[in-house]
Structure formats: structure tokens, C-alpha cells
Amino acid sequence: MSDATCPHLYRWRRALHRTTQRVSQLPHYRTSGRVIRATGMVIEVVGLRVAVGSACRIELPGADGRLNDSDKHAEAEVVGFSDDKLFLMPLEEISGLMPGARVSPLSDGSGHSARRFPVGDDLLGRVLDGNGNPLDDRESFEDTPRATLNATPLNPLSRAPIEAQIDVGIRAINALLSVGRGQRMGLFAGSGVGKSVLLGMMARYTQADVIVVGLIGERGREVQDFIDNILGPEGRRRAVVVAAPADTSPLQRLQGAAYATRLAEGFRDAGRNVLLIMDSLTRYAMAQREIALAIGEPPATKGYPPSVFAKLPGLVERAGNAERGGGSITAFYTVLTEGDDQQDPIADSARAILDGHIVLSRTLAEAGHYPAIDIEASISRAMTAINSVEQLQEARNFKQLFSRYQRNRDLISVGAYSPGHDPRLDEAVNRFPSLERFLQQNIDECATLEASRQALHAVVGG
């Protein structure tokens, strides 16, 4: 019987071939260590010499309470060491850990984890956790190609420049904060100001081949709500969602963000234009802070250890354009500004490494102004390279009129303003209702690039 007449036989042979390859790569012997201490999230192990970042397996006692020949195990990652002790952090909560538990490495000792994660087109429309396992109760990924989370960084001189504007479907962004293909933007907002809704609108309306969504450290309820009500069936068909909610371990939250970025890199390397949405970059930084403090790294800026500020650019710089003629990753990272403080250390660091920032205002949100984009505090650093001189001038006129009105708002409200003294202020007062309507947009309304430009011209170009 041939493989062509029996597809089940073909799949069985493929699975057997892959298993044979994996078995042939295993070492002829196995080293192991023992757990000597567990404090909080950190597990101390002796008897192993493996690199930081390597994956390990911790054997747990069976039903009879014995450690040997146990079928139960938990996976952990090496996050540090001191002398002959390794510091491990589990990927999920461990139940039943005992002193002396055996720990075996899942890597070759070179620092490259043996753990491989599913990648590729088979994941479109799926929801995964930070380990690459399905969360949507559909089939597993046994036949799906796999890869490690480590990818070769691109040479910055070989990247294609940002030259073309991408349509995100939001009128205020398309016209006044233009985003280029391959640009990395930050969405800065406090809690409950509407950033998730704005991200969902971008996911549905942005002109991209593939959407990769990383929900890192958010509430578990928001995962289901984002998928069903915000992303919707249309957006989900061309999207991959990686969810690592707040109740997962900090290591899995870090891994979830790295996995979402790795998926986007895979689609980009295949020549696709990818939209990467990461919600949120702040939770990623907080997860790294938990790990760093747990292994004894001293806190620095407002309780954040130095390794946090080293991790952020390492994640963000992986997005962007590939070589000229290749694919691209246009990324939006949400940054939670605690207490609406724009000088929060994470917000300040993110502003320095991103290609622009969109600030959402609580005052506008409380006034029913959606999306609550603070045009005066927002900027796109690639706008001058992707827009015509005419649109740049119209956007500048819009911001000048809007800012002139806002600076004199109190005088206007109390009746102290009288027309005729400042022609530019008179123009701002007359046009402000149109300016305000231009900035507002319903959640189910899509404003195309051309429609946004025409609306801007109608408001300030006449």
C-alpha cells in the first residue's frame, strides 16, 4: 500500500521520522541535580551545570509520595546562579514539590533551550498560551512546524526604511499621527481609558496580511472579551492570539511576549506584512521585575532593577521591517501609565525606544470623547517621511488651531473671550466643533486612509 492511497500511513511515517530525529539528537547519558531550597517563586538546585535560559524538568512525587520513577513533572527555566547553585523559576505553579526532587536539563548545556514552539500558518485563527498550547479546545499542533524562541537579530543597516503609510482605520491616527509600515508605536494610557477598544479597532481595520496579538499580564476575563467582542470573527480569521494572563507565572508572561514576537518574525520572514499588538509592555516589564527581585537583583529606578530596562529594547527591536523587498512587522505596544503619570519609568523608557507614542487622555474619556486620543501629547516620528508636504501642513494647522483653543478654554468658558482681538483664536473658536467631531469615531466605524485625508482637508484646508 502506497502513501498516496493511505494518508493515515503517510502521517504515521512522518511522525515516526520526526520522533526518530529527536531521539537521535538526545545525549547518551542524562545528568541531574537536586532541589535544596524553594523560596517564593525561586527554586535552588545543586548538581547541575547548565546555562542561564536553559529549560529543566523537575520530578514531582507520585501518588505514593515517592520521588523516584515518578510520572509527574514540572518545567522550569534557569534564571540565575550563584557559585554551584542554580536559581530556577517554574513556568506554572508547582504542587507537591519536596526537598531532594530530581532536576534534569532539557537543553544541551549550551544555553539554547530544547523547547520548541509551534509556528506557521496552521496557527491562524487559534488562541495559544505562553507555552504554545491551544486554549481554544481545538486540535493540537502535533504536525505543526516548530522553532525556538531565539531568532537571529537583523542588521539595522539591512532593514528597509519606513516609506509607506499603513491604514489603521482610525481617522485621527491616519491623518494626524500617520503610522508607517514597519513602525513601532506605543499606546500610553491609564486603566479604563479605552486602549483595548482602540486596539481592537486597529486589529479589525488595519491593512495587514497577518495579525499577532499578545495579551500579556491582563485580566483573564479580558482575553475572552477581546477575542469575541473586540477582535471579532473577521479579525480572528487572520490572527494568532497568545494569552498569558495575570494569574500565570512571571516567566510565562515573559515567554508569552517573546513567543508572540517570534510568531510575527516568522510571518515577516515569509514575506508577509504583520500587525503585532502587545497588551501590555508594562506587564512584561513587571514580570521581569518580579523575577529579578526574586533572585536578588537590587532595585534601582522606583523599584525596577536594571535588567528590566535592558529587556525592553531587546523585545521591541525585534519588530520592524525586514530587508528591502521582504515583509514587515508594524507593532503597537500598550504602556500602562500608573496614576496617569507620563513620567513613570517604564513609560519614559518606552518613549525613548519606540518610533512614536499615542497618548489617551482620561479627561477626554470621562467627557465621552472616543477614541480619547490627546493629539497635543502624541507624536509619530515617521510622519514626515511618509506624508506629502500638503498633508503635513494641514496636520500642523489642525494641531495649532486645536492647541490655541485649548490654551484659552478657561477664558472662553467664563465668557472672558471677545472676538476681534486675535484672528487666529477667532478661527480656532469657529472651527473647534468641526475639529472635535473629526477626532471622534464610533467603534464600528472604519475611516480609510483616503477618507481621513479628505476629512482633514475639509476641516482645515478650506
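1. Gly327 sits in the loop between β14 and β15 (328–336); helices (H or I, at least four residues) and strands (E, at least two) are DSSP runs, numbered from the N terminus. At 4% relative accessibility, Gly327 is buried, where buried stands for under 20% relative accessible area, exposed for over 50%, and partly exposed for what lies in between (1.4 Å probe, protein chains only). The C-alpha atoms of Gly327 and Asn273 are 5.2 Å apart, although 54 residues separate the two along the chain. With neighbours within four places in sequence left aside, Gly327 is in contact with Arg268, Gly271, Arg272, Asn273, Asn321 and Ala322; contact means heavy atoms within 4.5 Å.

2. On the source of the values: this is a predicted model, in which local features need pLDDT of at least 70 and side-chain atom pairs count only at pLDDT 80 or more, while totals for chains, interfaces and linings use all residues. Residues are numbered from 1 along each chain as its sequence is written, and side-chain values use heavy atoms, with hydrogens and water left out.

3. Strand β3 (residues 55–59) is largely enclosed by the rest of the structure, because 4 of its 5 residues are buried. β3 runs antiparallel to strand β4 (residues 73–82), and 5 bridges join them; two strands pair if DSSP finds at least two bridges between them. Within this pairing, Ile58 has Ala74 of β4 as its bridge partner. β3 is also joined by 3 bridges to strand β6 (residues 102–105), again antiparallel.

4. Salt bridges are counted when a side-chain nitrogen of Lys or Arg is within 4 Å of a carboxyl oxygen of Asp or Glu. The count by this rule is 17. One of the pairs is Glu317 with Arg184, whose closest N and O atoms are 3.3 Å apart. This pair links distant parts of the chain, 133 residues apart: Glu317 is in the loop between α7 (306–316) and β14 (320–321), and Arg184 is in strand β10 (residues 184–189). Glu317 is partly exposed at 40% relative accessible area, whereas Arg184 is buried at 10%.

5. Arg318 forms a salt bridge with Glu265, with 2.8 Å between the closest N and O atoms. Arg318 lies in the loop between α7 and β14 and Glu265 in helix α5 (residues 250–269), so the pair ties together parts 53 residues apart in sequence. Both Arg318 and Glu265 are buried.

6. Arg351 and Asp348 meet in a salt bridge at 3.3 Å, N to O. The two are 3 residues apart in helix α8 (residues 345–353), which means a separation of about one helical turn. Arg351 is buried, with a relative accessible area of 16%, and Asp348 is partly exposed, at 41%.

7. The axes of α7 and α8 are 10 Å apart and the helices pack at an angle of about 40°; axes are lines fitted to C-alpha atoms, for helices over the stretch in contact, and angles run from 0 to 180 degrees between N-to-C directions. From α7 the contact is made by Val308, Phe309, Leu312, Pro313 and Val316, and from α8 by Pro345, Ile346, Ser349 and Ile353. By class, the contact has 8 nonpolar, 1 polar and no charged residues, with Ala, Val, Leu, Ile, Met, Phe, Trp, Tyr, Cys and Pro taken as nonpolar, Asp, Glu, Lys and Arg as charged, and the others, Gly among them, as polar.
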